[in-house]
Amino acid sequence: METQDQPAAAPTQQTGPGEVQPETTNQQTQDGKTARQETRPSETPGMPLQPEHAMPGNGLPVFPNPDGIFAALQQPVYNNGTFANPGLIIPPNQQIMGLNDSIIGQPTNGNSNSLSEDDIALYDRQLRLWGMEAQQKIQSANIVLITMKALANEIAKNLVLAGIGSLTVVDDQKVTEADLGAQFFLSEENIGQSRAEAAVGRIQKLNPRVKVVADSGSIMTKGASFFGNFDIVIATDLSPTLLAFINTATRLHNRQFYAAGTYGFYGYIFNDLIEHDYVVQRDKSNVPTNIGPETRTRSIIKVETQKEGGKSIEKVQKRELYSTWDLASETSILPPEYLKSKRRLKAVTPALSCLRALWAFQQAHNDRFPEHNKQDLEIFTRAATHNHQLLSLPTETLRSEFLRSFLQNVGSEIAPVTAILGGQLAQDVINVRGQRQQPIQNMVVFDGDKMEAEMYPLHPVGNLGRAQLEFTSPMLPLDQVDPSQMLPVDQAGLMMPGM
């Protein structure tokens, strides 16, 4: 069974800038249940990370013309709308680029990393929770949030109250009456206005120290270099095809990526941090801590011991490896510790199979949701059944009643669900910036029937983290590649066996 050291914290309720409840508990899931661990104040600064491991500038190859990624969206697509690599094709005889050809610098937002006396007074309760160094990293964060719907409302609220450096809100849609049902940054007077511009004013009032910017342009018009301007990219309520394109861009620019969405009583959080280092501080035990792998995704890379108040304190630097959205959301399977335990497999929510079936359906049908007709229902049911089998889950846990409930919830927003997932995602971003706690790895699925948010590490066989790019060569837009060189992908056959 995989151990979890200081897992990502649960949603934090805040009533004003810097006011974080010290009683907040951290939540992760183990064996299909929610495990709780109290977050205790820590006044000892964490072990500083070495410069080559600092976030996010670990260095990734610079690919030529990365902005061609999004332009490829306008090109003809193959294999029923599915891409082997989002919008880009790799010629098989292309020379492989090395991983250390160049280093991409960390973006800055103009804010000083030092905390003023006013900042210390304002964020006093947060400083007691995660310390001065972590708060400085949080305050320097430059984040972009895509699509301002109910889920993004919760994420923006928690990040701005925590005191990040800047938040850019990207949304090209207009406010409609339907938006007023679950969003608290909008009112009737905003109907017809830009959703991004209408929300930014109220977001700014939460914390004047944070720079909040509205971008009412379409994300489809942004080149891949746009995402290199931010430390963290958060995309909410977008189609799986567009999420794959954005994640490709964040990988090209070595930026951390989050995706999230809600469907009524169900929802998910995904993250691709590429490779993320953090430090766990604990009392030294009699059992020595060995450098090396702990699980397939997590390794111990450094251990330091020091004396504090007569106690031996151990500071353990760990590294988590991640996979891309398209790999995790389509064909990745559960880790061996799940496959070896019938009890753990039975506890996996069928919402995971339904989410993957929904994403596959959208990719094969121009990003639309299944409609309530016989053909769409049959396709979705077969896709959900196939994904359930691919994940090695018991047949009896995927019932027709659950399929019906899931489909009835698609396309709706429920405020309590967006509050839970939005708070959890924002808290994980804070933990990642502070580098003091274990982050999400790498998929969280919320099941409103059980009122549980379970975490599942979904990875393909083979390389993880930065090494997933070892066999990736400089990418070319579709119009520059001979179709005979394209790598075949039969997603339709994978999704709908027997059709």
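**Entry 1: ground rules.** Two strands pair if DSSP finds at least two bridges between them. Helices (H or I, at least four residues) and strands (E, at least two) are DSSP runs, numbered from the N terminus. I am reading a predicted model, where local features need pLDDT of at least 70, side-chain atom pairs count only at pLDDT 80 or more, and totals for chains, interfaces and linings use all residues. Residues are numbered from 1 along each chain as its sequence is written, and side-chain values use heavy atoms, with hydrogens and water left out.

**Entry 2: confidence.** I looked up pLDDT, the predictor's confidence in each residue, from 0 to 100. The protein averages 77, and 71% of the residues score at least 70. Over residues 71-112 the pLDDT is below 50, although this stretch has 106 contacts (heavy atoms within 4.5 Å) beyond near neighbours in sequence. Residues 471-499 are also below 50 and have 65 such contacts.

**Entry 3: strand β14.** I counted 14 helices and 16 strands in the protein, then picked β14, residues 443-447.

Which strands pair with β14? Strand β9 (residues 266-272) joins it through five bridges, antiparallel, and Ile269 stands opposite Val444. Strand β15 (residues 452-456) also joins β14 by five bridges, again antiparallel; there, Glu452 is the bridge partner of Asp447. β14 and β15 make a hairpin with four residues between them, and Met451 in the turn has a positive phi of about 55 degrees.

**Entry 4: the cores.** Next I looked for nonpolar cores, sets of buried Ala, Val, Leu, Ile, Met, Phe, Trp, Tyr and Cys residues joined through side-chain atoms within 4.5 Å. The largest has 50 residues, and Tyr268 is one of those with the most contacts inside it. Helix α10 (residues 351-364) gives the most to this core, seven residues. Another core, of 44 residues, lies apart from it and includes Ile203 and Leu425. Back at Tyr268, I found that it touches Met443, Val444 and Val445, among others.

**Entry 5: an open sheet.** Four strands line up in the order β10-β13-β12-β11, with antiparallel pairing. β10 (275-283) and β11 (292-293) are at the edges with a single partner strand each, so one side of each has no neighbour in the sheet. Strands β12 (residues 298-308) and β13 (residues 311-321) pair over 10 bridges, and Ser299 stands opposite Arg319 in β13.

Key. Buried < 20%, exposed > 50% of the residue type's maximum accessible area, 1.4 Å probe, protein only. Lists of a residue's contacts leave out its neighbours within four places in sequence.
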